[in-house]
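Here's a quick tour of one model, starting with a pocket and ending with some helix packing. Have a look at the structure first.

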Amino acid sequence: MEMLGPRIWVSVQQGLSRGLSRNVKGWASGEGRKVDIAGVYPPVTTPFTATAEVDYGKLEENLYKMGTIPFRGFVVQGSTGEFPFLTSRERLEVVSRVRQVIPKDKLLLAGSGCESTQATVEMTVSMAQVGADAAMVVTPCYFRGRMTSAALIHHYTKVADLSPIPVVLYSVPANTGLDLPVDAVVTLSQHPNIVGMKDSGGDVTRIGLIVHKTSKQDFQVLAGSAGFLMASYALGAVGGVCALANVLGAQVCQLERLCLTGQWEAAQKLQHRLIEPNSAVTRRFGIPGLKKTMDWFGYYGGPCRAPLQELSPAEEEALHMDFSSNGWL
């Protein structure tokens with residue numbers, strides 16, 4: 001992206017000069033509370049045409065079909081949205097289109113992470129301008145050997161200082177090769193404009209430790225996958241950003257309700273039936289697997305953008321088995 005223009009810098013600086021006491025989403029309100037991000041979110045896929053253009057019409061159709069499911073909101077331009085394969089303009093246009101379609105009471109968390117701090121600030125400001133309620137910021141990772149706790153604390157602090165919307169930390173080591181260190185999370189949880197974290201690593205002891213060590217802060221943890229959603233709720237997480245919710249959204253929300261109402265035996269049974277399908281659309285077959293499954297469940301999945309390739313017939317058969325053997329197809 002281009003350098004931040006003088007107008008944007010002035011508007012950001014003016015906002016900061018008013019202090020953090022104003023009642024802006026995420027920043028401390030008069031009651032000292034941050035925005036509540038608790039709930040289930042599908043990380044929305046980016047539909048493409050056969051010629052690899054973003055298909056905004058299919059995006060809107062998918063969102064309308066999800067409208068009856070009791071999601072807290074939608075995550076846009078997360079890993080499932082193939083954000084590294086989109087131009088900056090496309091990333092912003094997708095967020096803008098989603099904001100226009102979804103109800104105003106649904107939170108829109110937009111992935112604004114870039115490799116440099118400056119680019120992340122610019123993208124975050126732009127995401128706010130097109131309607132994002134909060135920014136989900138993935139760890140920079142290209143120079144992962146130098147991404148120490150100090151470097152990451154500096155990065156996220158600068159982004160949160162300059163962001164006009166709340167910031168959600170995002171750790172996804174399967175894609176980045178980097179876990180956001182617990183000590184860095186604890187430090188960052190004290191920032192008035194950092195409201196929580198999405199942890200996709202799958203280490204529930206780590207999730208429990210983060211919940212425990214940030215318990216004195218107004219900081220919320222979201223599980224990054226449906227496969228460990230029940231365990232995360234048991235340890236104090238408040239929701240999840242779950243790829244599987246793109247196809248089994250009602251069932252993931254049902255699991256949430258069972259956990260919140262203490263129906264642990266029923267929750268366990270449902271969680272067991274979600275583990276294999278969840279693994280299939282995440283670790284085993286990734287976004288191509290998720291998009292193929294969306295086609296089966298009445299949504300538009302369609303192709304991925306290269307270099308991601310469609311599943312082989314054998315992979316597609318194994319994917320189908322993971323859902324049918326658990327009673328979903």
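## The largest pocket

Some 40 residues line the largest pocket, and Ser-79, Tyr-170, Val-172, Ala-174 and Asn-175 sit nearest its centre. A pocket here is an open set of points on a 1 Å grid over the protein atoms alone, where a 1.4 Å probe fits, with protein on both sides within 12 Å along at least five of seven lines; lining residues have an atom within 4 Å of a point. Its volume comes to about 910 Å³, meaning the space filled by probe spheres set on the points.

Helix 11 gives the most to this lining, with 6 residues. Helix 6 (173–176), helix 11 and helix 12 (286–296) each supply at least two. Helices are DSSP runs (H or I, at least four residues), numbered from the N terminus.

This is a predicted model, with local features needing pLDDT of at least 70 and side-chain atom pairs pLDDT 80 or more, while totals for chains, interfaces and linings use all residues. Residues are numbered from 1 along each chain as its sequence is written, and side-chain values use heavy atoms, leaving out hydrogens and water.

## Helix 11 against helix 13

Helix 11 (residues 264–284) also meets helix 13 (residues 313–324): their axes come within 7 Å and cross at roughly 150°. Axes are lines fitted to C-alpha atoms over the stretch in contact, with angles from 0 to 180 degrees between N-to-C directions. The two are therefore roughly antiparallel (over 145 degrees).

On the helix 11 side, Glu-276, Pro-277, Ala-280, Val-281 and Arg-284 touch Ala-318, Leu-319, Asp-322 and Phe-323 of helix 13 (heavy atoms within 4.5 Å).

Note on methods:
Angles under 35 degrees count as roughly parallel, over 145 as roughly antiparallel, 65 to 115 as roughly perpendicular and the rest as oblique.
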